[in-house]
Amino acid sequence: MKKAHKIIIGPSFYATGQALSPGGNVLVIGRNSSVGDEWSYSYRKIDATSFIPERALTKSILSELSRLGLAKPEENAMATSILLYKFLEKVPERFMLWTELENISETDGGFELTLYTVSGPLVVCCEELVDNTVEAITCPDWGKNNLQCKRLNMLVRNCGQPGVETIDFAGLTIRSGRSDDERIVECPVSLDVSMMDARQKLLVFWGKRPVEMKDWKIASFGTEFDYDVKNDYYEIKPGWTYRNPLAFKCPLAAFDAGLSGEV
């Protein structure tokens with residue numbers, strides 16, 4: 001039976017920092033194949049203007065990002081997550097992706113989790129359990145009530161003449177992307193809407209865009225919703241807590257807090 005002092009559900013940037021913290025007895029579990037999806041695949045707004053890294057590893061990653069020739073490298077969530085993999089490869093015992101959480105049972109002094117991995121079923125134990133998913137998947141009733149609003153965002157690019165600006169329209173918000181010819185379109189949707197229906201709504205709005213924006217084309221939809229929540233912290237049970245992975249202004253701030261062990 002695999003054991004860890006702390007198990008974190010959700011491979012967020014914060015959880016990645018926890019896993020890479022020196023001497024940390026942490027196991028991070030995620031159902032997807034990547035880390036930092038809450039930022040990288042939701043196209044959430046990032047503000048790193050006031051961020052100053054405290055940990056040496058964060059400073060090193062920021063320095064490496066700066067050498068990639070990216071616009072606002074400290075705000076590029078996808079590039080940040082890619083750079084983190086070379087560090088995670090060194091601690092495979094602290095990370096389990098492609099893993100489904102089946103059940104949580106309380107034990108004397110901790111918790112027992114039943115998992116389904118690519119190799120089959122697995123039972124792991126811990127003294128401390130942290131739900132680091134936005135929706136609080138280990139406590140779904142509370143998690144549903146904790147959601148305040150959500151958006152589906154998408155990337156669009158200018159495929160025509162350079163210098164043509166975008167404008168907000170039809171209740172959509174358009175903000176700067178990672179380059180001069182890229183923008184991110186935000187579409188507010190109801191909390192109970194499915195991903196398919198949200199995409200359909202966004203497509204309808206986008207189809208009615210002003211003629212001045214006819215050369216702006218869809219590059220990619222977010223595959224994760226962008227959420228705001230009411231509470232960033234909640235004690236589900238003693239030793240079992242919820243921590244909002246989006247309680248930071250940028251991915252590197254979340255990672256740096258995880259490395260530092262901050263709440």
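The following legends describe close-up views of a predicted model. Local features are reported only at pLDDT of at least 70 and side-chain atom pairs only at pLDDT 80 or more, whereas totals for chains, interfaces and linings use all residues. Residues are numbered from 1 along each chain as its sequence is written, and side-chain values use heavy atoms, without hydrogens and water.

**View 1. The hairpin of strand 12 and strand 13.** Strand 12 (residues 233–237) and strand 13 (residues 240–243) run antiparallel and are joined by 4 bridges. Strands are DSSP runs of E with at least two residues, helices are runs of H or I with at least four, and both are numbered from the N terminus; two strands pair if DSSP finds at least two bridges between them. Glu235 stands opposite Thr241 in strand 13. The hairpin has 2 residues between the strands, and Gly239 takes a positive phi near 85°.

**View 2. The buried residues of helix 3.** In helix 3 (residues 56–66), Thr58, Ile61, Leu62, Glu64 and Leu65 are buried (under 20% relative accessible area; exposed means over 50%, and partly exposed lies in between, with a 1.4 Å probe and protein chains only). These residues lie on the same side of helix 3 because they cover an arc of only 160° around the axis, taken from the directions from the helix axis to the C-beta atoms. They pack against helix 4 (77–88) and helix 7 (251–260), where contact means heavy atoms within 4.5 Å.

**View 3. A salt-bridge network at Asp228.** A salt bridge is a side-chain nitrogen of Lys or Arg within 4 Å of a carboxyl oxygen of Asp or Glu; the whole structure holds 10 of them. Arg44 and Asp228 meet at 3.6 Å, N to O. Arg44 lies in the loop between helix 2 (37–40) and helix 3, and Asp228 lies in strand 11 (residues 226–229), 184 residues apart. Asp228 also forms a salt bridge with Arg151, at 3.2 Å between the closest N and O atoms. Shared partners join Arg44, Arg151, Asp226 and Asp228 into one network. Arg44 is buried at 14% relative accessibility, and Arg151 is buried at 13%, while Asp228 is partly exposed at 25%.

**View 4. The salt bridge of Lys237 and Glu106.** The side chains of Lys237 and Glu106 meet at 2.7 Å, N to O. Lys237 is in strand 12 and Glu106 in strand 4 (residues 100–107), so the pair ties together parts 131 residues apart in sequence. Lys237 is partly exposed at 35%, whereas Glu106 is exposed at 51%.
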